[in-house]
Amino acid sequence: MRTDLALDILKLVLLGLLYLFFARVLWAVWQEVRTDRRVVASHAVNERSDTRAAPVPRPHKAPKGRRGRVGRLVVLEPKARRGATFALNAEITLGRDPGSTVMIEGDTFVSQRHARIYLLEGQAMVEDLGSTNGSFHNGNKLIGTRLLHPGDRVQVGYTVLEAQ
């Protein structure tokens, strides 16, 4: 009799934990969808307001690196900024700060001064600047400083850049 009662209680606890798990998954999906909508909506508003302004000439693309070295960074994500290039002459800073080389607006996962990419003896290095949510190098959380090779990807918030 006591065994049946214990099993019934364990079943209810397991069912409750299962419902909590599904609620957490749904919450995470909802947050992701809601954030993407806000970013897309803000870009749509910016694009509409830009159509009234005079056309802005497109900057020349920065040259690719030579001999296995990184010469530029190209934005892959988000789609609104895809293709933007940044030459790696000295240092590139990533963050929400207006003084950053790559200023990332509207992404709450990005710190004011999030990461930097710089040249050290001709080699490109990437470094997280103590950001809250971290930076990622080829999908792995960036700890300290890492060497960048052509084809490597750096992610800061929703922004993904490829080293070329």
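User: In which strand is Thr93 found?

Analyst: Helices (H or I, at least four residues) and strands (E, at least two) are DSSP runs, numbered from the N terminus. Thr93 lies in strand 3. Please note that this is a predicted model, in which local features need pLDDT of at least 70 and side-chain atom pairs count only at pLDDT 80 or more, while totals for chains, interfaces and linings use all residues. Residues are numbered from 1 along each chain as its sequence is written, and side-chain values use heavy atoms, with hydrogens and water left out.

User: Does Thr93 count as buried or exposed?

Analyst: Buried means under 20% relative accessible area, exposed over 50%, and partly exposed in between (1.4 Å probe, protein chains only). Thr93 counts as buried because its relative accessibility is 12%.

User: With which residues is Thr93 in contact, leaving aside its neighbours within four places in sequence?

Analyst: Contact means heavy atoms within 4.5 Å. With those neighbours set aside, Thr93 touches Gly99, Ser100, Thr101, Val102, Ala115 and Arg116. Its side chain also reaches the backbone nitrogen of Thr101 at 3.0 Å.

User: How many bridges join strand 3 to strand 5?

Analyst: Two strands pair if DSSP finds at least two bridges between them. Here 4 bridges join strand 3 (residues 91–95) to strand 5 (residues 115–120), and the two run antiparallel. Ile92, for instance, has Ile117 of strand 5 as its bridge partner.

User: What do strand 5 and strand 6 form?

Analyst: They form a hairpin with 2 residues between the strands, and Glu121 in the turn has a positive phi of about 55°. Strand 6 covers residues 123–128, and its antiparallel pairing with strand 5 extends over 6 bridges. One of the pairs consists of Leu120 and its partner Gln123 in strand 6.

User: What is the secondary structure of the chain as a whole?

Analyst: The chain has 1 helix and 11 strands. Of its 164 residues, 29% count as buried.

User: Where is Val25, and why is it called partly exposed?

Analyst: Val25 belongs to helix 1 (residues 2–50). Val25 is called partly exposed because its relative accessible area is 37%.

User: How large is the accessible surface of the chain?

Analyst: Accessible areas come from the Shrake-Rupley method with a 1.4 Å probe; for residues, only the protein chains shown count as cover. The total for this chain is about 11600 Å², of which 58% belongs to carbon and sulfur atoms.

Conventions:
A polar contact is a pair of N or O atoms within 3.5 Å; within protein, one must be able to donate a hydrogen and the other to accept it, and residues adjacent in sequence count only if both atoms are side-chain atoms.
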